[in-house]
Amino acid sequence: MEGLHVQGRCVTVLQRHVVLQSMPILHQFFWNDGSYLAEFLLEKGYEVHGIVRRSSSFNTGRIEHLYKNPQAHIEGNMKLHYGDLTDSTCLVKIINEVKPTEIYNLGAQSHVKISFDLAEYTADVDGVGTLRLLDAIKTCGLINSVKFYQASTSELFGKVQEIPQKETTPFYPRSPYGAAKLYAYWIVVNFREAYNLFAVNGILFNHESPRRGANFVTRKISRSVAKIHLGQLDCFSLGNLDAKRDWGHARDYVEAMWLMLQTDEPEDFVIATGEVHSVREFVEKSFKHIGKTIVWEGKNENEVGRCKETGKIHVTVNHKYYRPTEVDFLQGDCTKARQKLNWKPRVTFDELVREMVDADVELMKNNPNA
């Protein structure tokens, strides 16, 4: 297949917030990146294998449309395996059975605020989980045939040492999540240098979509604004309104993941838009899309967002949503990706906000309790 360095099959593995690909193997498909990556790879003719964690109910809602028969959950070129990044034995069994040519590791406990409460678990999944995958590749004798993608993160930069952040910017993580991902970053580099494994880190800045988890700030905003628009909610609370992020669309960013594995030599890349917007601005643009103008009153924890047209307070600030150590400003420089991968973001910030709000309006119309 033109442009694909694939020998027969590919696997992608997803682990809740993870994706592995190499024939491709995806580790738990049902999250933001995994579902878009699965779609992308299937369109290119890959056979995609996903790893999902066992639960008491089906948790594959974001990929149901990718089944050959969605009603019966009959698989086609997407095949699912039960597994977990905390279980090295199952990873060895799956990788040995599938023998993937590409593995995308998107697996993680990826909520930064929650990582302070689940620090040990986050370290086990996000840090040691990556090591388990790399060791599984080595154990299965696939070092020379597999290409490995590691989902790294802009949270590595944390307390930023330069603006904007690029591949050579020093790391300074500010959360258990960032620290765990720092271990994963360096163990990937170590396997690349020690065993000549084709392994890359994609240092992706924030990327959102209508499939983003409901407890992430952008999705919390779009869901709440949709409910307010439909008269299902009056007000919602947020944390640091002035945190600034480089936000792109997950659909654009999964293409960059794939492109990194199509290069001749493994290299790490920053993937970002280069634009910075605050949480406050995300709120304002979301409300603007439904015809409301938000006016801010008060300071710090007493600040509120009031609708100019109706006088109603729709946004409040709650200190419980603040992180113990905050990351105030992230802005990526993707010059290297533009030059070497010929990649650039397509979806603008305004388009992203509108798409998320519109999708949640439709969702809440059909299911107000979603």
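**Figure 1. Pairing of His49 in strand β3 with Lys79 in strand β4.** In this predicted model, His49 has Lys79 of β4 as its bridge partner. The two strands to which these residues belong, β3 (residues 48–52) and β4 (residues 78–82), run parallel to each other and are joined by five bridges. Strand β3 is mostly covered, five of its five residues being buried. His49 points to one side of β3 together with Ile51, whereas Val48, Gly50 and Val52 point to the other side, and the residues on both sides are buried.

Figure 2. The largest nonpolar core has 28 residues, of which Leu41, Tyr104, Tyr149, Met257, Met260, Ile271 and Trp343 touch the most other members. Two or more residues are given to this core by each of α1 (32–43), β6 (147–153), β7 (198–204), α7 (250–260) and β12 (269–271). The most comes from α7, which gives eight residues.

**Figure 3. The crossing of helices α1 and α7.** The axes of α1 and α7 come within 9 Å of each other and cross at roughly 60 degrees, and the two helices are therefore oblique to each other. The crossing of α1 and α7 is right-handed. On the side of α1 the contact is made by Asn32, Asp33, Tyr36, Leu37, Phe40 and Leu41, and on the side of α7 by Ala250, Arg251, Val254, Glu255, Met257 and Trp258. Two of these contact residues, Leu41 and Met257, are also among the residues that touch the most other members of the largest nonpolar core.

**Figure 4. The open, mixed sheet of strands β9, β16, β15 and β14.** Four strands form this open sheet in the order β9-β16-β15-β14, and their pairing is mixed. Strands β9 (236–238) and β14 (294–297) stand at the edges with a single partner strand each, so one side of each has no neighbour in the sheet. From one strand to the next, the twist averages 25 degrees. Within the sheet, β15 (residues 304–307) and β16 (residues 313–317) run antiparallel and are joined by three bridges, and Arg306 stands opposite Ile313 of β16.

**Figure 5. Helices α6 and α8 lying across the strands of the sheet.** Helix α6 (residues 217–229) lies across β9 and β16 and runs at about 160 degrees to β9. Helix α8 (residues 279–289) lies across β9, β14 and β16, and its direction makes an angle of about 145 degrees with β14.

**Figure 6. The packing of helix α6 against helix α10.** Besides lying across β9 and β16, helix α6 packs with α10 at an angle of about 55 degrees, the axes of the two helices being 8 Å apart. Helices α6 and α10 are therefore oblique to each other, and their crossing is right-handed. The residues of α6 that make the contact are Thr218, Arg219, Ser222, Arg223, Val225, Ala226, Lys227 and His229, and those of α10 are Met356, Val357, Asp360, Val361, Leu363 and Met364.

Figure 7. Most residues other than glycine have a negative phi, and most peptide bonds are trans. Ile163 and Pro164 are joined by a cis peptide bond with omega about -10 degrees, and Pro164 is found in the loop between β6 and α5 (176–195). Lys99, in the loop between α2 (88–98) and β5 (102–105), has a positive phi near 50 degrees. Because its relative accessibility is 46%, Lys99 counts as partly exposed. Asn342, in the loop between α9 (335–340) and α10 (349–366), likewise has a positive phi, near 55 degrees. With a relative accessibility of 69%, which lies over the limit of 50%, Asn342 counts as exposed.

**Figure 8. The protein chain as a whole, as context for the close-up views.** The protein chain contains ten helices and 16 strands, and 56% of its 370 residues are buried. Among the contacts in the chain with a separation of 6 or more, 72% are between residues 24 or more positions apart.

Definitions and conventions
Residues are numbered from 1 along each chain as its sequence is written. This is a predicted model: local features need pLDDT of at least 70, side-chain atom pairs count only at pLDDT 80 or more; totals for chains, interfaces and linings use all residues. Side-chain values use heavy atoms; hydrogens and water are left out. Buried means under 20% relative accessible area, exposed over 50%, partly exposed in between (1.4 Å probe, protein chains only). Two strands pair if DSSP finds at least two bridges between them. A nonpolar core is a set of buried Ala, Val, Leu, Ile, Met, Phe, Trp, Tyr and Cys residues joined through side-chain atoms within 4.5 Å. Axes are lines fitted to C-alpha atoms, for helices over the stretch in contact, and angles run from 0 to 180 degrees between N-to-C directions. Angles under 35 degrees count as roughly parallel, over 145 as roughly antiparallel, 65 to 115 as roughly perpendicular and the rest as oblique. A crossing is left-handed if the near helix is turned anticlockwise from the far one by less than a right angle, and right-handed if clockwise. Contact means heavy atoms within 4.5 Å.
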